[in-house]
Amino acid sequence: MTDPSSIRRAQFGRFGHRVDGVAAKLATPTPVETGQLVHLSGMRLEVAGLRSPIGSRCRIDARMPVDAEVIGFQGDRLVLMCEGGAEGLKPGALVHPLTGSDRVPVGNELLGRVIDGAGRPLDNLTTPLGAVTVPLRGEPLNPMDRGGLSQPMDVGIRAINSLLTVARGQRLGLFAGSGVGKSTLLGMMTRFTEADVVVVGLVGERGREVREFVEDSLGPEGLKKAVVVATPADTSPLMRVAGCWRATAIAEYFRSQGLNVLLLVDSLTRFAQAQREIGLAAGEPPVSRGYTPSVFSVMPNLIERAGNLGSGSITAIYTVLTEGDDLQDPIADAARAILDGHVVLSRRMADSGLFPAIDIEASISRAMLQITDSDQQEQVRRVRDIHATYQANRDLISMGAYRGGSDPKIDLAIRHQEGIAKLIEQAIDQPADFTSSLDALARLDAAMEQDASQPPPVAGNGQAVPVSQPPALR
Ligand SMILES: Nc1ncnc2c1ncn2[C@@H]1O[C@H](COP(=O)(O)OP(=O)(O)O)[C@@H](O)[C@H]1O
Ligand SMILES: [Mg+2]
């Protein structure tokens, strides 16, 4: 005899199958969301009928389809900005949201490659697709998970290693005008640093400069362990901003592999200018020198993504353009506040042929005390002091108004300016590792100390010796 409960179970089973069949017939396919282009001015588009979130991307039908990013909304219309030109767009054109566009493919195959802000190759090789994708704008981090600054990072530049020691995970600004050697210095760091991977974001440079940087400053040797993301000045502001985020996302990927990454962004100013264009198109008010509020909220978001996490680190250097020594520049101001130090390049030193033109008086690394020993700190203090003494009296000395022997400290400063210049000076093809940099600093300091303890040289007639003018620093 059959058990009644098993009969009931079988009946329920058949009923369930029938319900599933009916439900499948009733189910309609999910509607494909499309919008319509209703307004276009410049790069700003308005689209009706779509509800895509800010930051997502859409494709607009045209003979050559145009991609755009959602940057705001007004009532029930989305505000978008074109990623390229708007040629060929027609009123009423259909707009389709693109999915997955906020993720970046990453992987070791990116090493040695040059890509654009959208991840397309610029080096005529195949598309560098990575197996893994990471979010373009990163994931929020718990500040308590971040490691402190505790270990020095060898950047391969003598003046920085010895006088402005950089920590793993530190974020530095490289402040300079144009043509004083920023790109050359970044190229040297890429080739000489001990970092496992270097990610370079070239934002808003001229197209020619990108080629020069890759071929001359980096060369095949530097490119081996580097990834270059280049968005030159002729690309849309969206691409320039995306290039920065992409470079940062790639650096984050390598950090998550436990590697020490050096992230170089040239320049943060161009990133801010591109973000300003986006903000203005979205209808934001200009608040400071035409910069919109979003510029000042996005900059810390970008910079905060560098730092130490787990066993990996991102040490980041952002160049900041300071044209005509403009102290009121809001971007330089904001950058100074959020970064952990700044290296200033001096036009005067560059003009006198002293490269890298690092102005040690105006530069500071805020991590110095945490990562250096007291011997080095003491040496740095003395070298800075002597250098500052020279700078304070530079005009007097160069006019010949300073009489040698009237102040022993100034005499000492004059005698050792050349030594300081030698410590800073470094040829393009000459690496300076950490140990040799510290040795050079210790030698200079020992020479100064020995000199200071000797009685001042006096000429036979009892008159102090006249001073000769050392090469101009700054
Ligand atoms: N370490 C260096 N040694 C010799 N010349 C240098 C050095 N760094 C820069 N220069 C000179 O300065 C010029 C400008 O450098 P570049 O790096 O292009 O400046 P920026 O990127 O600030 O505009 C170079 O063409 C080169 O002549
Ligand atoms: Mg440059």
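**Note on the predicted model**

1. As to its secondary structure, the chain holds 14 helices and 20 strands. Its radius of gyration is 29 Å, which is well over the 23 Å that the globule rule gives for 474 residues, and the chain is therefore more spread out than a compact globule. The extent of the C-alpha trace can also be given along its principal axes, where it spans about 130 × 65 × 40 Å.

2. Turning to contacts within the chain, if one takes those between residues at least 6 apart in sequence, then 73% of them join residues at least 24 apart.

3. Helix 8, which runs over residues 330-338, has as its buried residues Ile331, Ala332, Ala334 and Ala335. Because these buried residues fall within an arc of 165° when seen down the axis of helix 8, they line one face of the helix.

4. Which residues surround ligand 1? They are Ala176, Ser178, Gly179, Val180, Gly181, Lys182, Ser183, Thr184, Phe355, Pro356 and Ile428. Sorted by class, this shell around ligand 1 has 5 nonpolar, 5 polar and 1 charged residues, and helix 3 (residues 182-192) gives the most to it, with 3 residues.

Definitions and conventions
Residues numbered from 1 in each chain as written. Chains lettered and ligands numbered in written order. Predicted model: local features only at pLDDT ≥ 70, side-chain atom pairs only at ≥ 80, totals over all residues. Helix = DSSP H or I, 4+ residues; strand = E, 2+ residues; numbered from the N terminus. Rg over C-alpha atoms; globule rule 2.2 N^0.38 Å. Contact = placed C-beta atoms within 7 Å. Buried ≥ 20, exposed ≤ 12 C-beta atoms within 10 Å, placed from the backbone. Arc of directions from axis to C-beta. Near = placed C-beta within 6 Å. Nonpolar A, V, L, I, M, F, W, Y, C, P; charged D, E, K, R; others polar.
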